[in-house]
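Here are some notes to read alongside the structure.

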Amino acid sequence: MRLPGQAVAVEKRVDRAQRQAFERLAEIELAAHRQELLLDRLAGVDARRGGPFPGEEGDGRGDDAGRDDPTLHAREGTLLPMRVLVTGGAGFIGSQFVRRLVESGDQVAVLDKLTYAGNRANLEGVDHEFHQGDIADADAVARAAEGVEAIVNFAAETHVDRSIMGPAEFILTDVLGTQVLLDYARQHGIRHLQVSTDEVYGDIPLDAEPCTEDAPIRASSPYSASKAGGDLQVLAYVRTYGVDALVTRGANTYGARQYPEKFLPLFITNAFEGQHLPVYGDGKQRREWLHVADHCAGIELALRRGEAGNVYNVGGQERENMDVVRRILDLTGASPDLVRHVADRPGHDRRYSVDSSKLSGLGWQPKHSFDSGGLEETVDWYREHRDWWEPIKSGDYKRYYDEQYAARLA
Ligand code: NAD
Ligand code: DAU
């Protein structure tokens, strides 16, 4: 016969065992849920939003390749939570990428110099570890990268017009900075993903086929030449030292939190302020427009499933600049009288166009359409977030703006 004291002890042990079993079950369910989430995300299972996928018409990029892809399950290991260093994570695309990783359970350290384009507010409410510093500074990199399994390098000087005003900073960050990161990846045997641009292929004729990843590098501006220099360092480190590194080359990216010196946020915010919309030259240049969420999805997919030594294009929907300007006027209700054709950008590329079928082969499927929702949603974001861009459009920005546009608009 048990004494009451012993009965209580047994009861407590049963309770504890039960609680532990429940906790373990909850952990398993959470892990399974996270895995499902990642698989959905990587295979593009979510319902498409706002009309056709970019590039859908006729080019095979919008088919369902990648859904229910068994190789996703075979490579489950790559879907486990990682600790990742995101450089340039306080910028436009980098901050969106940090959000994305954190939401899916990865741990993120950010290294960002906080140049004029870096903004801590871009990471508000996102659980991350922040290090202010330069990617060209090996000590700063070593501090920020401690314990990471991969580096994703967004850090760069990114604006073509600024590169024309002064290329030196571009070479320091985009080439030397990349090489410093690659040294760290080499020493620690970790993956390096280089976020690059379709601009490295240079401009292509109107009737040319979209560039595949083996198209020649024909950079036109100091910006694209410095990005090309970074790409070549990456590929050289793979071949010479066997570093686990790869490159993505994205198209013109649009969405929330883009610094208002670039075409879309500049024209949208100028339209709201009743200021001129300075179209370079005839405005017949063509760019591919890629939603920032789709760009980040492509980068994440390449990070988890891409192969070392490979380049992956991430394309969008091709539009002529003047068509985009007309859409902005429609969506903002601004007067067409604000449009000014001004002196062209020196060396201005006429057209970019890339073939993303290699990334589609890994399962990438863009979910946003520029015409059906994407641009509109972006215009709405700037309409509703004047508190984000109004403070930026003062001080140093004004000095840059005057240098770039005053004579052109006079
Ligand atoms: P961005 O200009 O908004 O942000 C760049 C970030 O890098 C900023 O936070 C800045 O503070 C940081 N940075 C700059 N120099 C640094 C340094 N030396 N050390 C550490 N941090 C530094 O840029 P973005 O538009 O978000 O572009 C991110 C990356 O994507 C870039 O590499 C760019 O070349 C590439 N890319 C951009 C586009 C686009 O359309 N915006 C398209 C394709 C590829
Ligand atoms: O293609 C990817 C690249 O897209 C990225 O690598 C770059 O970081 C990013 O800046 C962007 O480069 P572009 O030169 O294409 O983008 P930008 O926004 O400067 O210009 C887009 C088009 O709009 C281009 O044809 C120039 C034109 N433009 C731009 C500005 C700023 C104007 O007509 N007027 C302007 O004031």
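1. A helix here is a DSSP run of H or I with at least four residues, and helices are numbered from the N terminus. A residue is near a molecule if its C-beta atom, placed from the backbone, lies within 6 Å of it. The model is predicted.

2. Start with ligand 1. The residues that surround ligand 1 number 31, and the closest are Gly88, Gly91, Ala117, Gly118 and Ala156. Two or more residues of this shell come from each of α4 (92–103), β2 (107–112), α7, β5 (191–197) and β7 (252–254). Which element gives the most to the shell around ligand 1? It is α4, with three residues. By class, the shell around ligand 1 holds 13 nonpolar, 13 polar and five charged residues.

3. Ligand 2 has 19 residues around it, of which Thr197, Lys262, Phe263, Tyr280 and Gln285 are the closest. At least two residues of this shell are supplied by α9 (263–273), and at least two by β8 (277–280). The most come from β8, which gives three residues. The shell around ligand 2 is made up of eight nonpolar, six polar and five charged residues.

4. Next, a helix pair. Two packed helices are described by the angle between their axes and the distance between the axes. For helix α5 (residues 138–145) and helix α7 (residues 168–188), the axes come within 10 Å and cross at roughly 50°. That angle makes α5 oblique to α7. The crossing of α5 past α7 is right-handed.

5. Which residues of α5 and α7 meet? On the α5 side they are Ala138, Val141, Ala142 and Ala145, and on the α7 side Val180, Leu181, Asp183 and Tyr184. Sorted by class, the residues of this contact are seven nonpolar, no polar and one charged. Helix α7 also gives two or more residues to the shell around ligand 1.

6. Last, a sheet. Strands of a sheet pair through backbone hydrogen bonds, either parallel or antiparallel. Three strands form an open sheet in the order β7-β9-β11, and the pairing is mixed. The edges are β7 and β11 (317–320), each with a single partner strand, so one side of each has no neighbour in the sheet. From one strand to the next, the twist averages 45°.

7. Within that sheet, strand β9 (residues 286–291) and β11 run antiparallel and are joined by four bridges. Where does Glu288 stand? Glu288 is opposite Glu318 in β11.

Notes:
Residues are numbered from 1 along each chain as its sequence is written. Chains are lettered from A and ligands numbered from 1 in the order in which they are written. This is a predicted model: local features need pLDDT of at least 70, side-chain atom pairs count only at pLDDT 80 or more; totals for chains, interfaces and linings use all residues. Axes are lines fitted to C-alpha atoms, for helices over the stretch in contact, and angles run from 0 to 180 degrees between N-to-C directions. Angles under 35 degrees count as roughly parallel, over 145 as roughly antiparallel, 65 to 115 as roughly perpendicular and the rest as oblique. A crossing is left-handed if the near helix is turned anticlockwise from the far one by less than a right angle, and right-handed if clockwise. Two residues are in contact if their C-beta atoms, placed from the backbone, lie within 7 Å. Ala, Val, Leu, Ile, Met, Phe, Trp, Tyr, Cys and Pro count as nonpolar, Asp, Glu, Lys and Arg as charged, and the others, Gly among them, as polar. Two strands pair if DSSP finds at least two bridges between them.
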